Number of protein chains: 2
Amino acid sequence: MTQSRPDPNVSSVFNAAPARRADPVLLTPGPLTTSAATKSAMLRDWGSLDDAFNALIASVCADLVGIAHGEASHVCIPLQGSGTFSVEAALGTLVPRAGKVLVPDNGAYCQRILGYLGREAVALPFGDDRPVDPAAVERALQADPAITHVALVHCETSASILNPLPEVAMAVARQGRRLIVDAMSAFGMLPIDLRAMPIETVIAASGKCLEGVPGMGFVIATRASLEAATGNSHSLALDLHDQWIYLQKTGQWRFTPPTHVLAALHASLAQYRAEGGLEAHGALLRQLPPARRGHALTRLPALPGRRGAGAGHRHLPHARRSGLSVQALLRTDARARLHPLSGETHAPGDLPHRLHRLHRRHRWRGDRGGARSRRRHAQGKRHPDGAGASLSRPIRYFLQDL
Amino acid sequence: MTQSRPDPNVSSVFNAAPARRADPVLLTPGPLTTSAATKSAMLRDWGSLDDAFNALIASVCADLVGIAHGEASHVCIPLQGSGTFSVEAALGTLVPRAGKVLVPDNGAYCQRILGYLGREAVALPFGDDRPVDPAAVERALQADPAITHVALVHCETSASILNPLPEVAMAVARQGRRLIVDAMSAFGMLPIDLRAMPIETVIAASGKCLEGVPGMGFVIATRASLEAATGNSHSLALDLHDQWIYLQKTGQWRFTPPTHVLAALHASLAQYRAEGGLEAHGALLRQLPPARRGHALTRLPALPGRRGAGAGHRHLPHARRSGLSVQALLRTDARARLHPLSGETHAPGDLPHRLHRLHRRHRWRGDRGGARSRRRHAQGKRHPDGAGASLSRPIRYFLQDL
């Protein structure tokens with residue numbers, strides 16, 4: 001296609017944009033700006049014990065297992081709360097009380113959770129500037145036969161590092177241990193194929209790459225691991241085993257589900273499928289060098305000099321941690337079939353032009369957090385670029401970084 | 001007012017009715033049918049680290065503490081998940097590991113939660129057909145000085161019993177112990193005055209009497225109890241102390257909040273205030289004999305002969321556990337200033353007439369769960385009234401019961 005031709009899909013990114021002009025565009029890693037169709041699904045109330053709602057639960061769970069190709073081996077257990085609630089529930093339910101967990105560490109807090117749960121945990125540090133090394137994981141497992149599980153973060157948000165999941169999975173399987181994957185910021189965007197990868201458990205949430213609204217997480221686990229998990233949990237509300245048993249028996253969640261959040265995820269998954277699923281959503285990401293992919297998923301736009309600086313991401317003012325949603329970018333790209341950013345001159349209608357147009361149309365978040373940003377700046381803390389920065393600068397970083 | 005005069009407020013109950021004609025009306029104890037304004041608040045996405053969202057959090061927390069008149073002594077900590085998550089978080093955080101909890105038991109599951117948490121708990125059983133006796137609670141506390149806390153359910157949903165909170169609070173205070181109240185099905189409808197009642201902690205959720213959508217709970221606790229709670233929690237996600245510290249420091253929740261659920265609760269609280277707050281919402285309830293109030297809050301309509309039968313409520317098909325929302329009833333009544341149901345002849349525009357009109361206008365839930373109801377009936381289980389029963393019968397029970 002000619003880049004100068006008016007792009008019939010140019011409006012698609014704005015369809016996902018806020019309902020009110022003054023609202024900022026929300027970006028990865030989330031919560032994101034959601035589509036109008038997703039939000040509209042919340043305009044209906046659901047009886048949480050109703051057959052119609054049970055059907056909604058079953059449909060969402062089937063979709064989620066399907067995205068990871070786990071139909072033959074895995075089941076999906078939805079859980080109230082943020083993604084962290086699901087990570088804690090998975091660790092607390094699936095790791096026996098006498099288990100020992102290896103945590104390849106480039107910014108994860110699995111170790112901290114395990115401390116609460118009273119499970120033995122050992123960290124394998126990789127700093128916050130390089131991905132987990134599968135060979136090092138394998139050596140650690142060989143050296144300590146007491147380790148029963150490995151807990152890996154697929155794409156570590158705080159350090160923007162994408163870890164080599166397939167290779168780690170093979171290493172863990174060779175050593176006969178079990179792998180629990182926190183796929184929070186990547187699920188639905190980067191492929192996880194449970195037919196080919198030996199992974200016991202995958203955890204993610206409604207409000208990230210799947211573009212639902214926040215309020216629930218889910219755990220995709222093997223039936224065998226769940227069957228063996230009776231009585232492991234340290235918590236009533238976070239007992240995934242009980243949640244699974246109850247779900248099988250009744251089609252319902254044990255305690256009141258976030259009905260509207262589930263309805264929104266259901267709508268969002270329908271759009272995800274209609275737009276081509278993981279294949280389409282991951283298209284642009286696959287064109288980036290692997291070392292850039294974690295970055296694209298978690299730190300848009302990035303600050304120069306801050307990449308790999310560790311947990312800085314969550315301390316950055318929103319103007320800094322944000323950028324145009326990589327989701328919106330990828331979706332727009334999938335629809336418009338534009339080539340990704342490559343440094344060539346950009347004609348009206350192509351991606352950088354759309355970014356600037358978006359900038360002009362929407363109040364930028366940085367203009368809102370101004371007072372706080374200035375205060376932090378005055379205190380010598382963070383983001384040396386000054387307060388109230390306009391979108392143009394983040395976009396420039398974003399373009400540079402990609 | 002003349003009952004035969006056309007009631008200008010007769011449409012108010014329909015304002016709270018479903019967006020789609022075919023949708024059933026959802027009833028107490030919840031999730032309930034919410035107002036259009038409440039649902040519409042979810043048509044906007046929020047940045048969870050944004051100043052504007054922080055203001056929303058602060059406003060909701062202030063409203064919630066205000067409903068219980070706890071401004072001088074208590075703070076509100078919101079938490080992801082259903083109400084049960086907040087109950088577990090409160091018990092796990094506020095009861096020290098060496099604490100011992102007395103659970104006045106007429107259907108509660110505090111004892112079960114405490115089993116998970118490893119806290120010592122002792123039940124004081126009252127069966128499921130009579131309220132907790134404050135004198136018995138006081139005797140139990142006198143007999144066992146090791147008990148540090150009492151965990152009381154204000155209105156026990158499974159048995160439809162309203163427990164005498166003010167009297168229990170005084171008894172607990174006289175014995176120098178601390179009181180944790182699960183006020184899930186009553187908060188916002190029955191008064192809790194923290195200026196007058198010695199209560200350390202009150203727990204409730206977004207989707208019950210406050211008529212928000214489900215997805216978050218909240219704990220209203222004294223500052224002193226929170227300050228003393230460092231390191232108590234068995235859980236990372238459910239650590240209320242950490243959530244409180246983080247909230248004070250940043251104005252934010254520790255992990256991704258259910259942004260849309262909070263926005264809906266914010267909208268719902270604005271309506272609650274505008275309609276006269278607890279005073280107006282509790283008006284009809286106060287006209288009922290105290291022994292009927294728990295019933296009105298939790299089992300509309302009731303099945304004759306099943307009152308006090310214990311946990312039957314949650315096993316009943318929805319057509320049976322439902323009825324017109326007591327919320328909608330109370331609100332309608334507050335607005336229309338009708339006298340409650342008293343057996344007299346009802347003229348067009350009064351409450352029973354409106355119930356029948358609602359029945360005609362909305363598909364009744366019983367017609368949906370027909371197959372299941374018939375199956376259960378064929379198996380000799382539950383609700384002997386047959387399947388697909390029309391609203392008129394539940395209404396009749398409801399009228400009889402009130």
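This passage describes the two chains of a predicted model, the way they are related and joined, and selected features within them. Residues are numbered from 1 along each chain as its sequence is written, while chains are lettered from A and ligands numbered from 1 in the order in which they are written. Because the model is predicted, local features need pLDDT of at least 70 and side-chain atom pairs count only at pLDDT 80 or more, whereas totals for chains, interfaces and linings use all residues; side-chain values use heavy atoms, with hydrogens and water left out.

The same surface serves both copies, since 100% of the contact residues of chain A recur in chain B. In the interface, 61 residues of chain A are in contact with 61 residues of chain B, contact meaning heavy atoms within 4.5 Å. Between them the chains bury about 4900 Å², with 57% of this on carbon and sulfur atoms; buried area is the accessible area (1.4 Å probe) that two parts lose on being put together, summed over both.

Asp45(B) forms a salt bridge with Lys39(A), with the closest N and O atoms 2.5 Å apart. This pair crosses between chains, from the loop between α2 (36–40) and α3 of chain B to helix α2 (residues 36–40) of chain A, helices being DSSP runs of H or I with at least four residues and strands runs of E with at least two, numbered from the N terminus. Asp45(B) is buried at a relative accessible area of 9%, and Lys39(A) is buried at 3%, where buried means under 20% relative accessible area, exposed over 50%, and partly exposed in between (1.4 Å probe, protein chains only). The side chains of Asp242(A) and Arg112(B) also meet in a salt bridge, at 3.6 Å from N to O.

Within chain A, Glu138(A) forms a salt bridge with Arg174(A), the closest N and O atoms being 2.7 Å apart. The pair links helix α6 (residues 134–143) to helix α7 (residues 165–174), with the two residues 36 apart in the chain; Glu138(A) is buried at 13%, whereas Arg174(A) is exposed at 53%.

In chain B, five of the five residues of strand β8 (residues 201–205) are buried. Thr201(B), Ile203(B) and Ala205(B) cover one side, and Val202(B) and Ala204(B) the other. Strand β8(B) runs parallel to β7 (residues 178–182), to which three bridges join it, and pairs in the antiparallel sense with β9 (residues 216–222) over five bridges, pairing requiring at least two DSSP bridges. Ile203(B) is the bridge partner of Asp182(B) and also has Val219(B) as a partner in β9(B).

No disulfides, that is, pairs of cysteine sulfur atoms within 2.5 Å, are found over all chains.

How values were computed:
Salt bridge = Lys/Arg side-chain N within 4 Å of Asp/Glu carboxyl O.
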